[in-house]
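Grab a pencil and work through these exercises with the structure open beside you. Try each task yourself before you read the solution.

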Amino acid sequence: MSACGGARIRRIETPLGGEVARELRAGERVEIFGDIYAARDAAHARLVAGLEAGEKPPIDLRGCILYYVGPTPPRPGRVIGSAGPTTASRMDPYVVPLLARGVTGMIGKGPRSPEVLEALVCHGAVYLAATGGAGALLADRIRAAEVIAWPELGPEALRRLRVEGFPAVVAADSRGSDLYALGPKRYRQERQSREVGR
Amino acid sequence: MRPVDVARITGAVARLAEESNYRLDRGYVAYLEDALASEDSPDAQHVLEELLENARLAEGGSAPLCQDTGVAVVFFEIGQRVQLVDGDLASAVDAGVRRGYCGGYLRGSMVGDPLLRENTGDNTPAIVHVDLVPGDRVKIWFLPKGAGSENMSRSAMLRPADGRQGIIDFVVETVADAGASACPPLIIGVGLGGTFDFAPQLAKKALLRPLDTDNPAEHLAALERDILRAVNDLGIGAGGFGGRTTALDVRVQAHPCHIASLPVAVNLQCHAHRVGTVEI
């Protein structure tokens with residue numbers, strides 16, 4: 001279960017098909033290749049408002065991986081600035097309609113609501129965690145960045161990011177496993193059994 | 001009176017904003033290295049390795065440590081014999097924030113109105129705290145404060161009868177609820193006493209305390225150790241998937257309070273603990 005240091009890292013490509021998404025297990029470490037889409041609070045509000053109004057979304061949501069990030073501006077010669085994940089729970093209210101339209105993956109940090117965990121099971125999708133606060137490291141795995149919609153939102157604009165070997169851990173899978181709940185619990189149990197054994 | 005041109009404050013704020021967002025303090029990096037050396041969870045080890053690599057990359061200048069380059073929180077101690085000339089303090093600070101954030105390729109993370117939510121574009125205005133103190137110096141602390149940890153911070157008006165254990169329980173509960181969202185391993189600022197509004201300021205000021213300095217009050221130093229132990233017993237760990245080090249340090253700052261009150265505030269700080277300071 002644990003994403004141990006020596007464990008094999010699974011390569012996944014986008015668009016992320018439902019079959020692959022269903023195979024991923026909480027604790028598994030992955031590297032992502034292909035296009036993912038940067039969207040956080042303001043872009044989510046607009047995406048979902050558009051869907052509710054019956055408008056065509058600015059990106060194809062089928063097999064899409066959304067990355068909760070608002071990058072810093074790129075320095076000269078760079079494609080993007082610091083680009084680590086933001087707290088995912090703020091996007092919880094928007095998840096269900098997006099999964100219903102074909103989104104199969106989300107990247108962020110921190111735990112999700114029970115409703116989101118249930119929606120992952122229902123739609124066969126995954127929630128991936130990247131390391132919060134590792135924005136310079138993660139930016140190094142982004143090869144291209146382009147604003148797709150809502151440039152007026154600045155760091156919150158919807159962007160297409162071309163990634164190569166973008167590192168993440170499966171935090172919640174399509175079978176209802178949640179690493180943010182299981183990991184600390186397992187750590188406490190292991191620590192306790194070490195202390196008893198001493 | 002000693003005249004100080006506010007342009008010097010603008011320059012200092014601009015420099016601190018940029019520097020603090022690219023370069024972690026050496027002593028603080030040593031905290032992270034120690035946490036890695038003592039960590040027994042492979043998941044948390046992996047996260048700590050990434051954070052140390054991230055710090056090396058950011059210092060090389062490729063990108064800031066974190067994309068959340070923070071609300072610009074600026075603390076001043078201004079000597080009473082200082083006369084600020086050639087402008088006003090608030091405008092001088094905002095000019096420094098504007099210069100530091102735009103020139104340093106840092107993110108504008110401020111919206112001008114909490115409901116209308118339009119980005120101001122240059123990370124102004126700053127949140128400014130000023131203490132008047134004896135003397136003729138101006139001391140500045142720059143604390144870019146990320147929202148991940150700020151959003152999980154809390155305050156409460158405990159009963160005096162809740163006492164020491166009530167304080168520990170409140171901090172532990174705050175950290176447990178924050179979990180991975182606050183980006184552990186954390187630095188925890190705790191404000192004790194004062195009033196409803198004052199305790200959170202104490203908690204934030206506690207984050208400014210230099211590393212490796214002990215609380216001068218022995219009973220508070222003991223409280224810091226006990227809170228740190230209780231928080232690390234949670235087993236949340238770096239990154240939040242389980243591990244030994246949920247918090248790197250706890251700092252308590254206390255102030256007198258009303259006979260009926262025990263205000264407590266917990267200001268969580270993420271592992272990207274960025275503080276810059278300078279004296280003019």
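**Exercise 1. Charges between two domains**

How many salt bridges does the rule find across the interface of domain 1 of chain B and domain 2 of chain B?

Step 1. Keep in mind that you're looking at a predicted model. Start by finding the two parts: domain 1 of chain B covers 2-21 + 65-145, and domain 2 covers 148-273.

Step 2. Now count. The rule gives two salt bridges across this interface.

Step 3. Check one of them. B:Lys145 pairs with B:Glu150, with their closest N and O atoms 3.0 Å apart. A salt bridge needs a Lys or Arg side-chain nitrogen within 4 Å of an Asp or Glu carboxyl oxygen, so this pair passes.

**Exercise 2. Describe the domain contact**

Work out which parts of domain 1 of chain B touch domain 2 of chain B, and what kinds of residue are there.

Step 1. Get the layout first. The domain centres, taken over C-alpha atoms, are 25 Å apart. Eight residues of domain 1 of chain B and 11 residues of domain 2 of chain B take part in the contact.

Step 2. Look at the area. The two domains of chain B bury about 860 Å² between them, and carbon and sulfur atoms make up 67% of it. On the domain 1 side, 60% of the buried area comes from B:Phe75, B:Leu143 and B:Lys145, more than from any other three residues.

Step 3. Find the elements. With at least two residues each on the domain 1 side, you have β2 (71-79), β4 (127-133) and β5 (138-145) of chain B. Of these, β5(B) gives the most, with three residues.

Step 4. Sort by class. The domain 1 side has four nonpolar, one polar and three charged residues.

**Exercise 3. Where two chains meet**

Describe how chain B and chain A touch.

Step 1. Count residues: 46 come from chain B and 46 from chain A.

Step 2. Turn to area. About 3300 Å² is buried between the chains, with 55% of that from carbon and sulfur atoms. On chain B's side, B:Gln67, B:Tyr105 and B:Phe241 supply 22% of the buried area, more than any other three residues.

Step 3. Name the elements. α1 (6-22) and α3 (42-59) of chain B each give two or more residues to the side that touches chain A. The top contributor is α3(B), with 10 residues.

Step 4. Sort by class: chain B's side has 17 nonpolar, 20 polar and nine charged residues.

**Exercise 4. One asparagine**

Is B:Asn21 buried or exposed?

Step 1. Locate B:Asn21: helix α1 of chain B.

Step 2. Check its accessibility. B:Asn21 counts as buried because its relative accessibility is 0%, and the cut-off for buried is under 20%.

Step 3. Contacts of B:Asn21 include B:Pro64, B:Thr69, B:Tyr101 and B:Pro144.

Step 4. Follow the side chain. The B:Asn21 side chain reaches the backbone oxygen of B:Ala17 at 3.0 Å, and a polar contact of 3.1 Å links it to the side chain of B:Arg274.

Technical notes: Residues are numbered from 1 along each chain as its sequence is written. Chains are lettered from A and ligands numbered from 1 in the order in which they are written. This is a predicted model: local features need pLDDT of at least 70, side-chain atom pairs count only at pLDDT 80 or more; totals for chains, interfaces and linings use all residues. Side-chain values use heavy atoms; hydrogens and water are left out. Contact means heavy atoms within 4.5 Å. Buried area is the accessible area (1.4 Å probe) that two parts lose on being put together, summed over both. Helices (H or I, at least four residues) and strands (E, at least two) are DSSP runs, numbered from the N terminus. Ala, Val, Leu, Ile, Met, Phe, Trp, Tyr, Cys and Pro count as nonpolar, Asp, Glu, Lys and Arg as charged, and the others, Gly among them, as polar. Domain bounds come from an automatic or database domain assignment. Buried means under 20% relative accessible area, exposed over 50%, partly exposed in between (1.4 Å probe, protein chains only). A polar contact is a pair of N or O atoms within 3.5 Å; within protein, one must be able to donate a hydrogen and the other to accept it, and residues adjacent in sequence count only if both atoms are side-chain atoms. Lists of a residue's contacts leave out its neighbours within four places in sequence.
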